[in-house]
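Dear colleague,

I am handing over the structure below, together with some notes on what turned up when it was examined. Please read the notes with the model open beside them.

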Amino acid sequence: MTDSVFSFEVNDDQIALVTIDVPGEKMNTLRASFVGELNEVISQALDAKVKGLIFISGKSDNFIAGADIKMLAAAKEHSDALHLSQTCHSSFKELEKLPFPTVAAIHGAALGGGLEFAMACDYRICSNSDKTKLGLPEVQLGLLPGGGGTQRLPKLVGIQKALEWMLTGKQVRAKQAVKAGLAHDCVPQSVLIDVASKWIAKGKVKSIKPKLDKLSQLLESNPFGRNIIFKKAQENVEKKTGGHYPAPIAIIKAVRASVEMEKPAAYAVEAEGFAQLCMSKQSKALRGIFFATTEMKKEWADESGEKIDHIAVLGGGLMGAGIAHVSACKAGSKVRIKDVAQQGISNALNYSFKILDKKQKRRFISKSQMQLQMNRITGTTDHSGFKNVELVIEAVFEDLQLKQDMVALIEENCSDKTIFASNTSSLPISQIAQKAARPENVVGLHYFSPVEKMPLVEIIPHENTCDETISKVVNYARRQGKTPVVVKDKAGFYVNRILAPYVNEAANLLLAGEPIEKIDQALVEFGFPVGPLALLDEVGIDIGSKIAPILEKELGERFKAPDAFSKMIDSKRLGRKTGSGFYTYGSGKSKGKKVDESVYEFLGITLAPKLNKEEIAQRCVSQMLNEAARCLDEGIIASARDGDIGAIFGIGFPPFLGGPFSYMDKLGASELASRLTLLSQQNEYFEPCQPILDMAEGKQAYY
């Protein structure tokens, strides 16, 4: 089998060791030839009359990381996708039927089709490495597991756990997998094959019974109990997805088939569900996002060979604490926090401690791992310990003079090569670097709150930032677990610039008499994770107000924030952090939020609803689309792809729509231009920008 994924070797004990190693790739993935080559391995093993088969990866850090997404993209018709699922079913069934035992010896990621393949083996033995993770994350690509995953997982871990894992795309560590019944053993990597051989000696698996507590056994053992499980799962899915994503419903249907139908019919439900989802516009959009982020990882490669190991964070507030956390715990750097007061340092350390303590209590990390990560963070009120710092990230409030002073102090106290990165959300980086002795080392590095959860970071070089600085910062952001997008140095950069008119329009609708909850519900129903007014409350109304004047000064009147914001700030109605904004926030037993009805009287609003939710969403989103088109035309973003990724990961633009530029293509430039022109009759700021008018005239698209 030249260039085969598999290599076959029989040892002295008459056990076949099959190594999985996709040629020329860092990751093992299920490619088009996988099924045919697996069938050859099965035939070879039968001919050799072996006592058992052990599958192990030839890669250093992954078993099989899932299916090759390009293979899915090649499925142009429903029948093509159906065939993919059916051939996997057939091949994995042959593996399952072998007269001798089979073991998947798993080190590294066994995800998607990789786990489905492993579940077709009799036993799964995992290494106890942190690299070893098991899961079926297909839902994140708008798909269901199409290689028997919806059928086999419930029989191993029970219906409820299987649904939870598949509906969230959850990945579990080896010990969790053993505890749940998905894996049989968890051992050091050095003895993985030896232990796998011992499991071969146990013979074929006679029966599978999931490890369930008494309540779960009761619910899952009868039709009435199962009906409760599936009904509850469907209700939760509809609540969370708003009906925008068909994959979770298809997963529930396939899992239900696994316990209510005969095997052939149940597997047919899975295959049909997979084929329909593969052809769906939602899955195509989500796979497009996957391809885009994969492409972006290849850009701005750091060829200097110098790894950033020591960083400093200026400011121990929420942003500084979050940046310190991802730098120490994700990137593995030694972090020095500088704050004007010891209390600021203590708060930042406590921020990381709370996150890690929660992980340790849930057994995601050990106590020693928690201590190791906490030990990477230290604090100071001066510049002691800054001599070896390679990157300084400034995270203080938006004051140009203060940031310029910090650049000068870092240049005095650090080396000539130290990079100064500002977490400004709106100030042009060129202004921050204006008085710098080494402007080539100054760059913007804009995070979003909360830092440990938000996946995006904007990298903002000014005209004198050198390429080496950009590439080092881009690659460091990736180590922090972020998706970096390089944007042009202009007020608001990209994300805040498209967000500001969207939020302003929501506020204008409120002032015109539309209810708070109706505005937010309209945008949630459109597909955003939260509404614009709820988002303002979460971020802090005062934070938004500091950005607005900068945008207005640099970009014009259309960015002027409604006066209502100033009035709310003056009365300390800043949002969640003060207990009230557009909503009020309880604590303890009354924890949660509800609309603050007093806002209407406070702002002099007479409720007079005139628009339906679709019209509200259209007005807010149209403002965002118009500004996104301007940003691309001005070179703020390098491509429509970057604009889509920035909006999805930065502000939660609905992923199933593919991002603002993909959505504009779906609408069509002519339709969007007509909408904007109609709206501009009431408000001049809706006037369609020239790039949209040009595209409409030329019948062009972004992709």
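Predicted model: local features only at pLDDT ≥ 70, side-chain atom pairs only at ≥ 80, totals over all residues.

Leaving aside residues up to four places away in sequence, Arg479 touches Lys307, Ile308, Asp309, Lys330, Ala331 and Ser333. Tyr502, by contrast, is 23 residues from Arg479 in sequence and 32 Å from it in space, taken from C-alpha to C-alpha.

Turning to the sheet, six strands form an open arrangement with mixed pairing, in the order β1-β2-β3-β5-β7-β10. The edges are held by β1 (6-10) and β10 (185-187), and because each has a single partner strand, one side of each is left without a neighbour in the sheet. From one strand to the next the twist averages 20°. Helix α8 (residues 192-200) lies across β2 (15-20), β3 (52-57), β5 (102-106), β7 and β10, and runs at about 155° to β3.

Among the helices, α10 (residues 223-241) and α11 (residues 247-260) pack with their axes 10 Å apart and at an angle of about 170°, and they are therefore roughly antiparallel to each other. On the α10 side the contact includes Phe230, Ala233 and Val237, and on the α11 side it includes Ile249, Ile252 and Val255. The residues of this contact divide into eight nonpolar, three polar and three charged.

Helix α3 (residues 78-97) has 20 residues and spans 29 Å from its first C-alpha to its last, which is close to the 28 Å expected at 1.5 Å a residue. Several residues of α3 are buried, among them Ala81, Leu84, Cys88, Ser91 and Leu95. An α-helix has 3.6 residues a turn, so residues three or four places apart point the same way.

Finally, strand β19 (residues 583-586) has Tyr583 and Tyr585 on a covered face, whereas Thr584 and Gly586 are on an uncovered one. In a regular strand the side chains alternate between the two faces of the sheet. Strand β19 pairs with strand β20 (residues 592-595) in the antiparallel sense over four bridges, and the bridge partner of Gly586 in β20 is Gly592.

With kind regards

Technical notes:
Residues numbered from 1 in each chain as written. Heavy atoms only, no water. Axes fitted to C-alpha atoms, helices over the stretch in contact; angles between N-to-C directions. Helix = DSSP H or I, 4+ residues; strand = E, 2+ residues; numbered from the N terminus. Parallel < 35°, antiparallel > 145°, perpendicular 65-115°, else oblique. Contact = heavy atoms within 4.5 Å. Nonpolar A, V, L, I, M, F, W, Y, C, P; charged D, E, K, R; others polar. Pairing = 2+ DSSP bridges. Expected span 1.5 Å × (residues − 1). Buried < 20%, exposed > 50% of the residue type's maximum accessible area, 1.4 Å probe, protein only.
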